[in-house]
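Here is a briefing on one structure. Look at the sheet and the ligand site first.

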Amino acid sequence: MCDAITESDKLKLIEFISSTDRYTCGEKVEEFERAWSDWLKCNYSLFVTSGSTANSLLISSVKELYKIPDGSKVLVPACTWVTNVSPVFQNNLEPVFCDINLNDYSFDLDNLPDDDIRIVFVTHLLGLNAPIEALKEKYPNAIFLEDICESHGVTDKRGNRRGGGTGSTFSFYFGHHMTTIEGGMVCTNNKELYELMRLKRSHGMARHLLPENYDDVIAKYPNINPKFLFLTDGYNFRNTEINAVLGIEQLKRLDENIRVRRKNYVHYMVRLNRMRDIFHVPKYDEFNSSFTLPFVCKTRENRDIFIKIVEDLGIEYRPIVAGNLLIHPFLEKWKDSVKTPNATILNDYGAYVGNHQSVTTDAIDALFDRIECDMKGIEPTRKINDKTAVVIGSSGQDGSYMVEMLLEKGYDVHEINRTGLIQTLTKNGEPRIHVRRLDGHRGDVCDLASLVTILKKIRPCELYNLSAYRGHVESSFESPVESSEVNGMGALNVLEAIRLTDQTKTCRVFQASSSEIFGKAAETPQTETTPLNPDSPYGFAKAMAYHATKVYREKYGMFASSGIMYNHESPLRDESFVTRKITKAVVDIKNCKLDCLYLGNLDAMRDWGHARDYCECAWRMLQANDPGDFVISTGKLHSVRDLVSKAFKYVGIDVVFEGFGIDEVAREVATNKIVVRVYQRYFREDMGYQLVGDSSKAREQLGWEPTATFDEIIEEMIDRDQMVRE
Ligand SMILES: Cc1ncc(COP(=O)(O)O)c(C=O)c1O
């Protein structure tokens, strides 16, 4: 519903506001009224401040015009909105309540009162079609008024829009078929009634008479200035030009909104029909114009389950309009005037969820799947909120650890990668035991359509976006666009795919961020509050992903978290990374397959952790109570020189370092052979700042800490390199 007022509506408002200084009821209001009358095919419309004031204006004007005596009876339903009933007694008329029926939530035709009813105030509730034709047969002498506040576009059986009779009202409150934020319309085919309502809508002034009557009327009061000549009591229910501009824009989309809501409603009816044992199913009517999807259970127990389900899924719900109005204190006087068993059912066992133009049939399916599962034990064909996870970028180092960890934790895991193939072997090269719980999908973060198609089918409860630009931070300068597409737009595509498939409330998202977003770091160590200051295309694209994740979390209430990951290594690390390059070369030198290793700056310092530990942290982030951003780091810095010595030592080679800068070398103590040299092309001057993370937040809030030490990471990598060599 957040997109009810579109960007183009906002632009129109800005354009209008900056083009004029007149905002009070004027030309735009008249333009909107004319457009509305054309749409409804009625003679006259008046734009007012709300559906409620439209009701008040209509009732008081009808009473005055038709000279209806105080105490005359007005038929009203026991379930409707309060402002359908209150203007009746506020105007000294007597409401006669009637129970509703469970087919269309309008008057119960079997229990209509035989009183002398002067006005029938019908409500088309929730977009359902009230049986006006049958009511007219019962009360042929009554005046019929229609409250269509929440049912714009409901039609009679010939397809004519309802609302063109003596009087009808509409609300444009936010969430209705179209909105002017607050606003309403009162419509009539009766010119005299229209004129009276024009007067009452303002302060009862002669100024608002129809032009053809104006001169004759003011001539009767020569002693009163016609500018302020008051002919009747007024309310000032006028709306503004600004709201009218919005109304004109929104009206252009009204038919499409009604179409989408109808389509959703048909889908809802199909699914609801299968559950007649659990729900009271309203009558299907192709002429309705759905406002919401009502769920009226047959037992309180099921109603409680239903409420729990929607709360779990983060779906807003409401009682069915005002429930049974007769139990409310403001109607105390009429509480025993009639029996209302059906309104009591709506009140006690009913609730509705919104059917907005932004709701999709997929979202409706997801809700019904869950209802069928929880109430009837039917396993959903599509899964939500169970242990199903998606790993994007599953063929990389992190993806591989993540898939394995999730399988071990009992998840069904879906890999999304460019080949669509699953990893049948574990990272140690052994066949996976959980392979039956693993599925593969061909997809790409740069291809939104592929993500939407896959996610629509899987509906996971967790998604890990571990995809990243394949190159290095340095090489991202050579392909900045590609690195931005994968690291930045890719993350946005993932978030969008979740939003477009209506999974913002059901799928938790981990976005792999990077310490590179801190770039030339403003402080050391960095925390979640350190300002972002990327200094490479790799970093600025990751920064975009980080911001996008935060915006989707705040705007759409998504459980979306960024893990700001510092360097993390493992035996699966690609050889082009310095850690793996060193461990592999050390093993080769040990096995006399290589003489010398060429490196860049040996003084370069890094905060190195183990990929397995970092995946564990990612998983914990999605199990937390709240989403957020977390630094994932060891907090310990080691130099490349340190890494080199430890690696050689582990294979039984002692080395000593000599010289400085690009002339520095490492010699094997036993043979005096140079085994490491600095290669000018790789050499980068000290950056003057250190990327080292303070992961206190993850440690305190997630109970996480890295388990592998620096030495253990190197040893594990060397063991693997040695094994491969053998
Ligand atoms: C049936 C009905 N009548 C009247 C109203 C009042 O409209 P508003 O909120 O614009 O005052 C509503 C509000 O949704 C309604 O549903």
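In which sense do strands E12 and E13 pair, and over how many bridges? E12 (residues 388-392) and E13 pair in the parallel sense, over five bridges. Strands are DSSP runs of E with at least two residues, helices are runs of H or I with at least four, and both are numbered from the N terminus. Two strands pair if DSSP finds at least two bridges between them.

This is a predicted model: local features need pLDDT of at least 70, side-chain atom pairs count only at pLDDT 80 or more, and totals for chains, interfaces and linings use all residues. Residues are numbered from 1 along each chain as its sequence is written.

**Sheet**
- Seven strands form an open sheet with parallel pairing, in the order E14-E13-E12-E15-E16-E17-E22.
- Strands E14 (438-442) and E22 (630-632) each have a single partner strand, so one side of each lacks a neighbour in the sheet.
- E17 (residues 560-565) pairs with E22 over three parallel bridges, and Met-565 stands opposite Ile-632 in E22.

**Strand E13**
- Six of the six residues of E13 (residues 412-417) are buried, so the rest of the structure largely encloses this strand. Buried means that 20 or more other C-beta atoms, placed from the backbone, lie within 10 Å of the residue's own.
- Asp-412, His-414 and Ile-416 point one way from E13, while Val-413, Glu-415 and Asn-417 point the other way.
- Ile-416 in E13 is the bridge partner of Ile-392.
- Five bridges join E13 to the parallel E14, where Asp-439 stands opposite His-414.

**Ligand shell**
- Helices H3 (51-65) and H4 (82-90) each supply at least two residues of the shell around the ligand.

Terms used: A residue is buried if 20 or more other C-beta atoms lie within 10 Å of its own, exposed if 12 or fewer, and partly exposed in between; C-beta atoms are placed from the backbone.
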